Amino acid sequence: MAWANIIACLGALALYEFYIRRRTLKAPTKTGRSAHAAIRSDWVKSVMSRPGTEILVIQTLRNSVMAASFMATTAILALSGTVTLSGVGNSASGFWLSAHDSDDEFIIFAVKLVLLEGAFFVSFLFMAMAVRFFNHVGYIITGEIGSDESTRKQALAIAYLNRAGLYYSLGLRAFFLSIPFLVGLFNTYLMLPATLLLIFMLYWFDDVPAI
């Protein structure tokens with residue numbers, strides 16, 4: 001039953017992501033991911049068509065970089081804390097000795113621990129990449145405002161900014177995945193209810209409110 005709960009948890013998350021991707025393709029204006037991409041695109045077009053907005057661009061991108069940097073730092077600290085508390089590298093750890101001896105209960109716990117650590121690592125990775133792309137957007141926009149090539153570079157700036165926004169969204173989603181995995185460390189049978197609750201929250205975040 002424990003393995004079935006873990007598989008059901010991962011399956012529910014995969015199905016929800018598949019649903020969101022399908023909904024984004026069929027009704028782009030109904031999902032936050034597409035709506036946010038459109039907002040970012042309009043912002044780039046606005047600032048690149050008006051000289052003198054360099055300070056506004058830098059301040060806006062700095063806020064985005066700081067938000068992504070904060071989440072990346074939080075994720076890597078959480079990952080470090082989880083690895084430390086799990087006793088990785090300690091050959092005398094009773095947990096790892098039991099897992100090495102193929103004790104099924106401890107192997108299940110190890111799998112849940114790896115899922116939790118994986119969620120933090122993926123979150124850190126996406127947030128770090130978001131910072132990278134946010135920085136490049138600043139170089140593209142501020143170097144082209146008011147120039148003859150601003151129109152040609154506009155598409156590139158939009159692509160980079162939307163890539164940064166997508167990475168930030170995925171990093172935040174990966175961080176949220178730590179909730180059911182953390183709950184599972186205490187009780188495997190609570191993983192699925194926690195996952196369903198998380199999916200309900202994500203749907204509320206992903207849905208665009210009607211205007």
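Tutor: Buried means under 20% relative accessible area, exposed over 50%, and partly exposed in between, with a 1.4 Å probe and protein chains only. This is a predicted model, in which local features need pLDDT of at least 70 and side-chain atom pairs count only at pLDDT 80 or more, while totals for chains, interfaces and linings use all residues. Residues are numbered from 1 along each chain as its sequence is written, and side-chain values use heavy atoms, with hydrogens and water left out.

E17 counts as buried because its relative accessibility is 17%. This residue belongs to helix α1, residues 2–26; helices (H or I, at least four residues) are DSSP runs numbered from the N terminus. Setting aside residues up to four places away in sequence, E17 touches R33 and R173, where contact means heavy atoms within 4.5 Å.

Both of these neighbours pair with E17 through salt bridges. A salt bridge is a side-chain nitrogen of Lys or Arg within 4 Å of a carboxyl oxygen of Asp or Glu. Side chains of opposite charge can pair when their charged atoms come close. The structure holds five salt bridges. In one of them, the side chains of E17 and R33 meet at 3.3 Å, N to O. That pair links distant parts of the chain, with E17 in helix α1 and R33 in helix α2, 16 residues apart. R33 is buried, as is E17.

R173 forms a salt bridge with E17 as well, the closest N and O atoms being 3.7 Å apart. Because R173 lies in helix α6 and E17 in helix α1, this pair ties together parts that are 156 residues apart in sequence. R173 counts as buried, at 10% relative accessibility.

R173 has a further partner in D206, and here the closest N and O atoms are 2.8 Å apart. D206 lies in helix α8 and R173 in helix α6, 33 residues apart, so this pair too links distant parts of the chain. D206 is buried, with a relative accessible area of 11%. Through shared partners, salt bridges join E17, R21, R33, R173 and D206 into one network.

Key
Helices (H or I, at least four residues) and strands (E, at least two) are DSSP runs, numbered from the N terminus.
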